[in-house]
Amino acid sequence: MSRLSNFYLLTYNSLQAFGWTISLYRLLDSFVATKSTSGAYSSAGELICFLQTAAFLEIIHGAIGLVPTGVLLPLMQWGGRVHFLVAVVRQLHEVQQLPSVFITFLAWSLSEVIRYSHHALNCLGVSLFWLTYLRYTAFIILYPIGVTIGEMWLMYQAIPFMIKNNLYADAFGYLPFSYYNAIKVLLFVYPLFFLKLYLHLFKQRKSKLGKQHKKKRN
């Protein structure tokens, strides 16, 4: 990798790590100050929307070979999160104070602080075993929590409000189904996408932590 490419990735990952750290701080600060999860979106929602939208760059990184992640899996995760954020939560004020938003944002923030910090240090040639271990272990708990009682549960709770507000009725007016019916189908297939990504992360874990253990033995 060229120095310019490495510097770009260092800058990108450092900014994302910083942004998600700020998001995590805002979430926890709001929770401690109010003793409630209802302020999650108002405290960190717009920042998280920006950070997650900007993560589209990671799909481009994989497409041009800047990183060896490929395109499909990053696109699946990015598409799912941005739809959840921008198309559902951002459009329906009634759901923004639900606990599922806090749960999702907390799981995302913790995992992304770890992930981007790990990537940024790798760009500097620094490999910390404890951080690598967290990078490939924390997802075991955080990912299912974020997807199930976070994203999926909130979208299910949002369906009555989608119907009430005729969400995207104009866009779906020429289609034989409504947006909320599309959400019902999406919730049915969501576990399949989750399982594909989850198993991929376990493969990564086996590969990366296996290498770390070999290095420690040597």
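Predicted model: local features only at pLDDT ≥ 70, side-chain atom pairs only at ≥ 80, totals over all residues.
The largest nonpolar core has 48 residues. Val88, Phe105, Tyr143, Met162 and Tyr179 are the residues with the most contacts inside it. At least two residues of this core come from each of helix H1 (3-34), helix H2 (40-54), helix H4 (72-89), H5, helix H7 (139-165) and helix H8 (179-217).

Setting aside neighbours within four places in sequence, Tyr143 is in contact with Gln77, Phe194, Leu197, Tyr198 and Leu201. Ring pairs also join Tyr143 into a cluster with Phe139, Phe194, Tyr198 and Phe202.

In total, the structure holds 18 aromatic pairs. One of them is formed by Phe172 and Phe177, with 5.9 Å centre to centre and 70° between the planes; this pair is edge-to-face. Phe177 has a relative accessible area of 39% and is therefore partly exposed. Rings also meet charges: the charged end of Arg115 sits over the ring of Tyr116, 4.3 Å from its centre, and that of Arg135 sits over the ring of Tyr136 at 4.7 Å from the centre.

The last stop is Ser109, placed in helix H5 (residues 99-123). Its relative accessible area is 0%, so Ser109 is buried. The side chain of Ser109 reaches the backbone oxygen of Phe105 at 2.8 Å, and Phe105 is among the residues with the most contacts inside the largest core. Not counting residues up to four places away in sequence, Ser109 touches Trp20, Ser23, Leu24, Leu27 and Ile48.

Note on methods:
Residues numbered from 1 in each chain as written. Heavy atoms only, no water. Helix = DSSP H or I, 4+ residues; strand = E, 2+ residues; numbered from the N terminus. Buried < 20%, exposed > 50% of the residue type's maximum accessible area, 1.4 Å probe, protein only. Polar contact = N/O pair within 3.5 Å; in protein donor to acceptor, adjacent residues only side chain to side chain. Contact = heavy atoms within 4.5 Å. Core = buried A, V, L, I, M, F, W, Y, C linked by side-chain atoms within 4.5 Å. Phe/Tyr/Trp six-rings, centres within 6.5 Å; stacked < 30°, edge-to-face > 60°. Lys NZ or Arg CZ within 6 Å of the ring centre and 35° of its normal.
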